[in-house]
Amino acid sequence: MIARPSTAALRLLIAALLPLALTSCDKPAQPIEQAMVTDPDEWPSWGRTGSEAHYSPLDAIDTDTVGRLKLAWHFDLEPGYTASTPLMAEGKVFLTSGHSHIRALDAVTGKQLWEYDGGTRERATSALQMSWGNKGIAYDAGGNGTGHVFLVTTDGYVISLDARTGKEVWKTYDFPDNSPRNSNGAPRVFGGKVIVGFGGADISPARGFVSAYDARTGKLAWRFYTTPGDPVTPGNEKAEAVMRKTWPGGWTNPDGTRRGGGGTAWNAFSYDAELGLVYLGIGNGFPYNQAKRSPGGGDNLFLASIVAVDVKTGAYKWHYQVCPAEQWDCTATTDMTLATLKIDGKDRKVLMQAPKNGFFYVIDRATGQFISAQKIAKVTWADHIDGKTGRPVENPGIRYAGKPGLFELWPGPTGAHSWMPQAYSPLTGLVYLPVIEQGALIGDGQKGGGEITAGMGVTLIPEVELPGSHKSFLRAWNPVTQSLAWEVELPGNWPGGVMASAGGLVFQGQIDGRFVARDARTGKQLWSFKTESPIVGAPITYRMNGRQYVTVITGSGGNGAGINSPGNAAFRTDYRLPRRVLTFALDGQDTIPPFVMPDLVPPTDPDFKPDLARAQAGAMLFGTRACLVCHGWNAVGGGAAPDLRYSPIITDAATFRQVVKEGALKMNGMPPFPAFTDEELETMRFYLRARAQAAPAEQKALLDKARTAQASHAKPQDFAGTWNIVIQTPVGAQKAVMVLKVAGNMVTGKVSADQGTVEVAGGVKDGRAKFQGKASMPMPITVSYDVTVRDGKLSGENANGPFGSFPLTGTRPQAR
């Protein structure tokens, strides 16, 4: 059903009265802005409105009725990227999947009305242009009664589609040169302008910018550059002057090429129509190492900043920088929520953001004045934010340039909060944050490796085993008091996006394949639905014919499907799991057919013979050639692409070459990598074969972990003596000899392998022996063991400091 003008007018009237109605029955904790509740029936933008609150004023589904929520309809999607947020307008649900594949579905029945393929896979010329996929699209009703859907393809085309038919209205190209770029964030339509950003600052010093196109014609309205350089766009002279003085050493090499840059705005935009301001969330710099990017120092604006610009002209108004002189992949590219908060007895129009750096910020959105900030997660790079200056008070030693060793960085590169949307409810006054607790190791660049991307100037290990890591939470945060209201620990370490509603609910998908509704005031789970697949994208809610619906798209994806995959390894995130659009309503009548995922079985590879050195060389190639971004850290698939440990392609050299180097599966989303030499291909293929050999033992260890963690009946003397142990490392099984002595409950001994010997000491408690020692790899690390004895066999885990925990088994030497 398409809303007619009379219906739309009625909706606007209801929206105008809604704050009064809410106040009369349930006084909101904070003032409700008109922009936040307008047009309650629809969800036409990424955050529903320009306030980016991911909040709906609909309340038919509430804390009392949510138990009746059932599936109303579903739509099956093909394999591919689906970690995206749908839209609803004109009686249609619009969504993007894969690489710029757009669909319109009937909002009541789920019937497909039209589809459009953006053509990325045919055109893409680099792996970056095919990485991941679109997180969202945009919609605008237009001024002539004809709505339009807008998308930005990952390779840079900005396209307007007729919302009724899916036909192209206009199409333009956004990238001005051949610097490596991609676009996968959702565009926005603010003030008649289509706001577009792009990514790529992790791999080159390309100059960041944001473009605004006229929504009706596609003509470029303005372009705002986020790092200094030429050209200087009309109306942007003030911004250029502000930026240049914060790069005292310049940003170019003697030959004129760019030495430093970045500042890409690939995800977050907000809009205040009353002030006429668009807020831009700006990303990190490149190289990461500021000593290489900007040898003269400086804050390097507008890296890691929130910038306000005039919606009509793109002219600079103000900025606030969350990480001055950033050098830790610190970005301000997470959602920026606009709201009115009563602070010190006065209403303040604010912008709220939890960027990657681990703090939650409240700033005045008219002026950029700092109001407050506090930590929402573990933070080691800064102690606090100075209340007078708004600048971070950095911890000693975090400026790593020229210093030996690695610094323990919390949050790591994925941030305490990544791109997954937060939500804000004026009824509770709380912001609902999907939070990641994950540390990393970072330090000055070293010869011989350590750089995930060449030229970044640092040694970075983003996936490390540190106490308290590999965790995620839903945290309800009070922005006025800057305090935690409640929290829920979530499965895995890649939390889904969040949506809040006037029904007093918070909806969120989980990596374990559950879609959950919680009480917004307490965090108590009130309802859940089991899907076959993880959920990362944020849900939406809308109303048609007086009935409220909730829609979410299933499927793993995004950065967490690659680098963060070990934290989710205990959950099935398989690329082949069904991906669906699921829509719920009270007393829905739809059902999903049963689905049984086949067991994971590595391919038969009888000719494989272990070679530790070759496997390690292959692991380095896999890590530094961007393979891990889609296929997972240590080749543990996270759902964004096939888990290569179980792929038959790795057992055949010719097929592997055709796929990886020649692009045989480009139309399936696998880009070609022609730069690989044949020798490098074979070395990396050997590594993947080694990972396949280790996969069964690793999977068994995950399944047995809960059982082996329980106290056993082993006695201290059961551990004494010599054990031949096997540790299943990411590069293959490694053998060692463990010799233990037991005195009472104390354990001492040594573990010897080809790499050397580690002296260990510890104790026995509740049938488990826990002991550790010091080693160097090449930095000093702690090597620890947690083992038990059952039926005369040793089992447990070996943890190599920050580099991971690995399954361990052991047997007694056979008597000769």
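Predicted model: local features only at pLDDT ≥ 70, side-chain atom pairs only at ≥ 80, totals over all residues.

Mentor: Residues are numbered from 1 along each chain as its sequence is written, and side-chain values use heavy atoms, with hydrogens and water left out.

Trainee: Where in the chain do Arg 365 and Glu 33 sit?

Mentor: Arg 365 is in the loop between strand 23 (359-364) and strand 24 (370-375), while Glu 33 is in the loop between helix 1 (5-25) and helix 2 (34-37). The two are 332 residues apart, so this pair links distant parts of the chain. Helices (H or I, at least four residues) and strands (E, at least two) are DSSP runs, numbered from the N terminus.

Trainee: Why is Arg 365 called buried?

Mentor: Buried means under 20% relative accessible area, exposed means over 50%, and partly exposed is in between (1.4 Å probe, protein chains only). Arg 365 has 2%, so Arg 365 is buried. Glu 33, at 10%, counts as buried too.

Trainee: How do you know whether Arg 580 and Asp 76 are buried or partly exposed?

Mentor: Use the same cut-offs. Arg 580 has a relative accessible area of 7%, so Arg 580 is buried. Asp 76 has 45%, so Asp 76 is partly exposed. Their side chains meet in a salt bridge at 2.6 Å, N to O.

Trainee: Which residues of helix 4 are buried?

Mentor: In helix 4 (residues 237-244) they are Ala 239, Glu 240, Val 242 and Met 243.

Trainee: Why do you say that the buried residues line one face of helix 4?

Mentor: Seen down the axis of helix 4, they fall within an arc of 160°, so they line one face. The arc is that of the directions from the helix axis to the C-beta atoms.

Trainee: What covers the buried residues of helix 4?

Mentor: The cover includes strand 14 (220-225) and strand 20 (316-321), where contact means heavy atoms within 4.5 Å. Glu 240 is also part of a network of salt bridges with Arg 207, Asp 230 and Arg 244.

How values were computed: Salt bridge = Lys/Arg side-chain N within 4 Å of Asp/Glu carboxyl O.
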